[in-house]
Amino acid sequence: MALKLYGSAMSTCTSRVLTCFHEKSLDFELVPVDLFAGKHKQPPFLAKNPFGQIPALEDCDLTLFGKL
Ligand SMILES: N[C@@H](CCC(=O)N[C@@H](CS)C(=O)NCC(=O)O)C(=O)O
């Protein structure tokens with residue numbers, strides 16, 4: 001499976017991406033990031049998105065993320 005979405009289904013920003021994936025019938029894995037436990041501000045996630053915000057999207061070697 002190539003697409004990995006790091007985020008939380010409870011986050012609007014993540015849900016927006018999930019909606020697009022479903023609309024396009026893409027095969028993906030949702031990797032949960034626990035905002036309430038502050039996991040988005042810890043090194044493993046900051047390696048995906050240095051801004052510490054969900055979601056982050058990995059497609060093989062490519063990582064995409066946004067910032068408000
Ligand atoms: N422009 C970004 C914004 C991402 C964003 O604001 N994520 C929020 C959750 S919906 C977040 O990570 N908030 C926690 C924080 O900023 O510490 C996008 O749309 O992906």
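So, the ligand sits in the largest pocket; "sits" here says that more than half of its atoms lie within 2 Å of the pocket's grid points. A pocket, on a 1 Å grid over the protein atoms alone, is an open set of points where a 1.4 Å probe fits, with protein on both sides within 12 Å along at least five of seven lines, and lining residues have an atom within 4 Å of a point. Before I go on: this is a predicted model, with local features needing pLDDT of at least 70 and side-chain atom pairs pLDDT 80 or more, while totals for chains, interfaces and linings use all residues. Numbering runs from 1 along each chain, and side-chain values use heavy atoms, no hydrogens or water.

The pocket holds about 340 Å³ of space, counted as the space filled by probe spheres set on the grid points. Its lining has 18 residues, and Cys13, Arg16, Ile54, Pro55 and Gly66 lie nearest the centre.

Now, which residues surround the ligand? Among them are Ser11, His40, Lys41 and Leu68, on a cut-off of a heavy atom within 4 Å.

On to polar contacts, meaning N or O pairs within 3.5 Å. The side chain of arginine 16 puts an N or O atom 2.6 Å from a ligand oxygen. For the glutamine 53 side chain, the distance to a ligand oxygen is 2.8 Å. Isoleucine 54 uses a backbone N or O atom, 2.8 Å from a ligand nitrogen. Taken alone, the ligand exposes 510 Å², and the protein buries 73% of that, by Shrake-Rupley with a 1.4 Å probe.

Key
A polar contact is a pair of N or O atoms within 3.5 Å; within protein, one must be able to donate a hydrogen and the other to accept it, and residues adjacent in sequence count only if both atoms are side-chain atoms.
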